[in-house]
Amino acid sequence: MSALDALDARVLDMVQTGFPVCERPFAELAGELEIDEDELLERVRKLKESGVIRRFGAVFDSRRLGYVSTLVGVKIPDPAHLPAVAAAVNAYPEVTHNYQRLNEYNLWFTLIAAGQERIEEIIATIGNMPQVETIRNLPALRLFKIKADFKAVAGRSGGDAK
Amino acid sequence: MSGNSKVKMGEQDRKLIRLLQEELPLVSNPYEELGRRVGLSESEVLQRVSAWVDSGVIRRFGATVRHQRVGYSYNSMVVWKVTDPEAADRAGEIFAGFAEVTHCYRRPQFEGWPYTLYTMVHSTSEQGIGQTLEKMKQASGLQEHRGLLSVKEWKKTSMKYFSEQEGQ
């Protein structure tokens, strides 16, 4: 894909957080950017088509909706078994992130479920797989920060995710 | 009324939440369009969404950017050795002030694992990660950390709340 231009970078900074809740939100943002509403909509559509914008919507606070979340670390001694365990983990819609990492705990995933029982059920099922030596449930005891917006850097097209 | 209390949601709220976590229609009047799909007027949608944003039920509203594509190609999950919860909390507050740190949590200790503070550090270069870690060490006084380098992304998706297929 082509590099982001200066306007793309400004658009990205503006649409990542605090999207206006009013009848014509894009018109409001376009006013601040001093461009037309149609031009802004077209830019946003293109940024989505090219994959720079992964999603355009709301991120909810899982706890406020009554959901329980945790981080799980898994030790799989034989790396040849990793794909099978990763696939079993991925099959749950409650799993949002799943990464292989350079550590004796070599698979780490996040779980968000409608209740604690469901969390424990999933962890027990994965933990009982013969390829898994140890599984650790690591719920947050305290949250200091959660933020996921980035200032866009104009001129960088960025490669694909590793 | 922000806080951590659970909010009661009716069926229409759930429908609206389902749509809001999908794709916002990229049209001039997206809230009117959402209302049409769930059977609410534009003003009823605006009222609900504003209340959720104000009270923190909606944590963030807008575009989620693939950060590898905006220049922040380097990230590392870094865990810090600190076993005293109070010391961990002090360091956690300090780390939260770093722009390069997007996530910071304290999690349980377990056998052979004295790392209780978890941070996600982002940068535009590998060098930048190292420099940030150095600054974090100086600011917090914590010495030992481990980077859990990700070698493969098996899954990365957004949570779908109130989805009909989720196991209960």
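**Figure 1. The interface between chain A and chain B of this predicted model buries about 8,600 Å².** Buried area is the accessible area (1.4 Å probe) that two parts lose on being put together, summed over both. The size of an interface is often given in this way, as the accessible area lost when the parts come together. Carbon and sulfur atoms give 56% of the area buried here. In chain A, the residues that lose the most area to chain B are A:Arg54, A:Phe60 and A:Arg64. Together they account for 11% of what that side buries. Contacts are counted too, where contact means heavy atoms within 4.5 Å. By that count, 85 residues of chain A are in contact with 90 residues of chain B.

This is a predicted model: local features need pLDDT of at least 70, side-chain atom pairs count only at pLDDT 80 or more, and totals for chains, interfaces and linings use all residues. Residues are numbered from 1 along each chain as its sequence is written, chains are lettered from A and ligands numbered from 1 in the order in which they are written, and side-chain values use heavy atoms, with hydrogens and water left out.

**Figure 2. Chain A and chain B are each divided into two domains.** Domain bounds come from an automatic or database domain assignment. In chain A, domain 1 covers 6-49 and domain 2 covers 62-138. Their centres, taken over C-alpha atoms, are separated by 37 Å. In chain B, domain 1 covers 11-55 and domain 2 covers 68-148. The C-alpha centres of these two domains of chain B lie 37 Å apart. Chain A has five helices and six strands. Helices (H or I, at least four residues) and strands (E, at least two) are DSSP runs, numbered from the N terminus. From the N terminus on, the elements of chain A run α-α-α-β-β-α-β-β-α-β-β.

**Figure 3. The largest nonpolar core holds 46 residues.** A nonpolar core is a set of buried Ala, Val, Leu, Ile, Met, Phe, Trp, Tyr and Cys residues joined through side-chain atoms within 4.5 Å. Buried means under 20% relative accessible area, exposed over 50%, and partly exposed in between (1.4 Å probe, protein chains only). A:Phe56, A:Phe60 and B:Leu20 touch the most other members. From chain A, α1 (6-15), α2 (25-33), α3 (37-49) and β1 (53-60) each supply at least two residues of this core. From chain B, α1 (11-20), α2 (30-38), α3 (42-55) and β1 (58-65) do likewise. Not counting residues up to four places away in sequence, A:Phe56 touches residues including A:Phe19, A:Phe26, B:Leu24 and B:Leu26.

**Figure 4. Five strands form an open, antiparallel sheet in the order β5(A)-β2(A)-β4(A)-β3(A)-β6(B).** Two strands pair if DSSP finds at least two bridges between them. At the edges stand β5 (134-138) of chain A and β6 (150-156) of chain B; each has a single partner strand, so one side of each is left without a neighbour in the sheet. The twist averages 20° from one strand to the next. Five bridges join β2 (residues 68-75) of chain A to β5(A). Here A:Val74 stands opposite A:Ile135.

**Figure 5. Strand β3 (residues 95-101) of chain A is largely enclosed by the rest of the structure, because six of its seven residues are buried.** A hairpin joins β3(A) to β4(A) through five residues. Five bridges join β3(A) to β4 (residues 107-113) of chain A, and the two run antiparallel. In β4(A), A:Phe109 is the bridge partner of A:Asn98. Five bridges also join β3(A) to β6(B), again antiparallel. There, A:Gln100 stands opposite B:Lys152.

**Figure 6. Another open sheet of five strands has the order β6(A)-β3(B)-β4(B)-β2(B)-β5(B), with antiparallel pairing.** Its edges are β6 (142-146) of chain A and β5 (145-148) of chain B; each has a single partner strand, so one side of each is left without a neighbour in the sheet. Neighbouring strands are turned by 15° against each other on average, direction ignored. Strand β2 (residues 74-81) of chain B pairs with β5(B) over four bridges. B:Val78 stands opposite B:Gly147 in β5(B). Helix α4 (residues 85-96) of chain B packs on the sheet, and its direction makes about 10° with that of β6(A). Axes are lines fitted to C-alpha atoms, for helices over the stretch in contact, and angles run from 0 to 180 degrees between N-to-C directions.
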